[in-house]
Amino acid sequence: MLKLYYAPGTCALASHIALEEAGAPYSAERLNFKNNQQQSAEYLKINPKGRVPALVTDGGVLTETPAILAFIAQSFPKANLAPQDAFAFAQVQSINSYLCSTVHVAHAHKGRGYRWAAEETSFADMKRKVPETMTSCFALIERDMLKGPWVMGEQYTICDPYLYTISGWLEGDGVDLGKLPKVVAHRKRMEERAAVATVLAEEKAAA
């Protein structure tokens with residue numbers, strides 16, 4: 001059985017939803033970030049990065065959301081969470097890499113400036129920039145990356161829980177949702193899915 005380590009409000013939500021969508025046999029263990037559990041000696045043996053998500057598999061531990069999502073899609077092909085065509089799958093990976101390496105990083109400048117700078121004034125400057133950078137990122141997503149009802153068009157894929165997860169941070173990042181009708185509609189479609197409702201309820205109950 002797979003085991004997912006997560007914390008509410010983090011990008012681990014995407015992997016949690018994907019596991020549920022895939023019908024995977026898994027358990028989910030919540031880490032208490034308020035108590036800094038992600039930096040505990042016990043957890044660092046699982047994920048030396050001290051972050052979530054981490055997915056324990058029979059082959060070892062996987063970290064980083066795009067890798068975990070691809071693993072889930074390929075391990076449970078009957079769920080049809082990724083296209084079989086090599087180019088289309090590369091497009092999925094391209095979108096998820098953008099969400100991971102650009103959009104998530106732009107968001108993280110709001111509360112984790114210490115990762116990039118040491119001066120308090122730098123933290124404040126990075127935080128002020130977040131509404132602009134996140135607005136820019138999502139303007140691109142709205143215009144060029146949402147191809148239909150789902151990110152890849154008619155097929156629901158591992159891109160969808162990832163976009164849903166990060167779009168949930170927009171209000172807190174000062175982004176005007178009125179300019180993102182496709183993103184907002186996508187979020188509503190996601191919340192109508194049984195797997196999403198199940199995971200949200202599980203994470204709320206565990207909090």
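Which helix gives the most to the lining of the largest pocket? It is helix α4 (residues 86-108), which contributes five residues; helices are DSSP runs of H or I with at least four residues, strands are runs of E with at least two, and both are numbered from the N terminus. This is a predicted model, in which local features need pLDDT of at least 70 and side-chain atom pairs count only at pLDDT 80 or more, while totals for chains, interfaces and linings use all residues. Residues are numbered from 1 along each chain as its sequence is written, and side-chain values use heavy atoms, with hydrogens and water left out.

**Strand β1**
- Four of the five residues of strand β1 (residues 2-6) are buried, so the strand is largely enclosed by the rest of the structure; buried means under 20% relative accessible area with a 1.4 Å probe, protein chains only.
- Strand β1 runs parallel to strand β2 (residues 26-30), to which five bridges join it, and K3 stands opposite S27 in β2.
- Strand β3 (residues 54-57) runs antiparallel to β1 and is joined to it by three bridges, with L4 standing opposite L55 in β3; strands pair if DSSP finds at least two bridges between them.

**Residue T157**
- T157 lies in the loop between α5 (120-145) and α6 (159-167), and its relative accessibility of 0% means that it counts as buried.
- Leaving aside neighbours within four places in sequence, T157 is in contact (heavy atoms within 4.5 Å) with L81, P83, V92 and M152.

How values were computed: Buried < 20%, exposed > 50% of the residue type's maximum accessible area, 1.4 Å probe, protein only.
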